[in-house]
Amino acid sequence: MKIKTLITTAALAASMLAASSVSAAQITYQFLNQTHNEIRNWAGYTNPRVYYDRAVCSSDMTAYACGQNIQLGTRFLQQIENSYPLASKFVFAHEWGHTIQFKYNIYSRAPYQELQVDCVGGAFTYYGQNNLGYRGLFQSAQGLAYAIGGDPTHGTGSQRAYYTRQGYNTGGNLVSCF
Ligand SMILES: [Zn+2]
């Protein structure tokens, strides 16, 4: 078991070194707890309660924020990971951005309410790449943002990708998104 873990870790490290390939994460509670800590240490401003696979905000088990709660569906995030490695961290940071909007009563019309927190997610990708060593995080997040765009609430794929990049270009300073 231990040897297998070491081999897996070595393989992961090797793949992280290859510039173009980043491995999809296994969405475990441990992985999500780690991401929670990373975002909290980076963002501050709010300290939401985070629930996994629990219908606290919606019966739809994707990703939601309501008040100072964040709800994350592990199956949903794993599907994202499989196509866009590490982008689940961007989704988490996006929801965190909503808790900042709610706490400070920052409301915009659609789709800017959503695009603002794509910017927050994008700002986290800068921090993740440069301070946490998550190579390829920005590219993965931008790819996801583009792919899942298209509804009136969240904006077009192009808008979502653009605001994600704007966030990255803040150099990790989420305040610039507001
Ligand atoms: Zn949102």
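**Figure 1. Contacts across the whole chain.** Residues 24 or more positions apart account for 58% of the contacts in the chain with a separation of 6 or more. Contact here means heavy atoms within 4.5 Å. This is a predicted model: local features need pLDDT of at least 70, side-chain atom pairs count only at pLDDT 80 or more, and totals for chains, interfaces and linings use all residues. Residues are numbered from 1 along each chain as its sequence is written, and side-chain values use heavy atoms, with hydrogens and water left out.

The chain holds seven helices and three strands. Helices (H or I, at least four residues) and strands (E, at least two) are DSSP runs, numbered from the N terminus. From that end, the order of elements is α-α-β-β-β-α-α-α-α-α. Of the 178 residues, 46% count as buried. Buried means under 20% relative accessible area, exposed over 50%, and partly exposed in between (1.4 Å probe, protein chains only). The chain exposes about 9,000 Å², and carbon and sulfur atoms supply 53% of that area. Accessible areas come from the Shrake-Rupley method with a 1.4 Å probe; for residues, only the protein chains shown count as cover.

Figure 2. Two strands pair if DSSP finds at least two bridges between them. E1 and E3 run parallel, joined by four bridges. Look for Tyr-52: its bridge partner in E3 is Leu-72. E2 and E3 also pair over four bridges, but in the antiparallel sense. Here Tyr-64 stands opposite Gln-71 in E3. The hairpin of E2 and E3 has two residues between the strands, and Gly-67 in this hairpin takes a positive phi near 55°.

Now compare the faces. Strand E3 (residues 69-72) is covered on both: Asn-69 and Gln-71 are buried on one side, Ile-70 and Leu-72 on the other. E2 has a covered face with Ala-63 and Ala-65. The uncovered face of E2 carries Tyr-64 and Cys-66.

**Figure 3. Ser-58 in its loop.** Ser-58 sits in the loop between strand E1 (49-52) and strand E2 (63-66). Is Ser-58 buried or exposed? Its relative accessible area is 16%, so Ser-58 counts as buried. The side chain of Ser-58 reaches the backbone nitrogen of Asp-60 at 2.9 Å. Leaving aside neighbours within four places in sequence, Ser-58 is in contact with Tyr-64 and Gln-71.

**Figure 4. The zinc site.** Which residues coordinate the zinc ion? They are His-94 (NE2), His-98 (NE2) and Glu-114 (OE), at 2.0 to 2.1 Å. Donors are N, O and S atoms within 2.8 Å of the metal (3.2 Å for Na, K and Ca); water is not among the atoms, so sites may look incomplete. Along the chain, the donors of the zinc ion follow the spacing H-x3-H-x15-E. His-94 lies in helix H4 (residues 87-103) and Glu-114 in helix H5, so this pair ties together parts that are 20 residues apart in sequence. Both His-94 and Glu-114 are buried.

Figure 5. His-98 has its place in helix H4. At 6% relative accessibility, His-98 is buried. Its side chain makes a polar contact with the side chain of His-94 (3.2 Å). A polar contact is a pair of N or O atoms within 3.5 Å; within protein, one must be able to donate a hydrogen and the other to accept it, and residues adjacent in sequence count only if both atoms are side-chain atoms. An α-helix has 3.6 residues a turn, so residues three or four places apart point the same way. Not counting residues up to four places away in sequence, His-98 touches Ala-65, Gln-113, Glu-114 and Val-117.

**Figure 6. Helix H5 from end to end.** Helix H5 (residues 112-131) has 20 residues. From first C-alpha to last, H5 reaches 28 Å, close to the 28 Å expected at 1.5 Å a residue. The expected span is 1.5 Å times one less than the number of residues. Why is H5 described as largely enclosed by the rest of the structure? Because 15 of its 20 residues are buried. After H5 comes Gly-133, with a positive phi near 80°.

Figure 7. Phe-138 lies in helix H6 (residues 137-148). With a relative accessible area of 9%, Phe-138 is buried. Phe-138 and Gly-121 are 17 residues apart in sequence and 9.3 Å apart in space, C-alpha to C-alpha. Not counting residues up to four places away in sequence, Phe-138 touches Thr-125, Gln-129, Thr-164, Arg-165 and Tyr-168.
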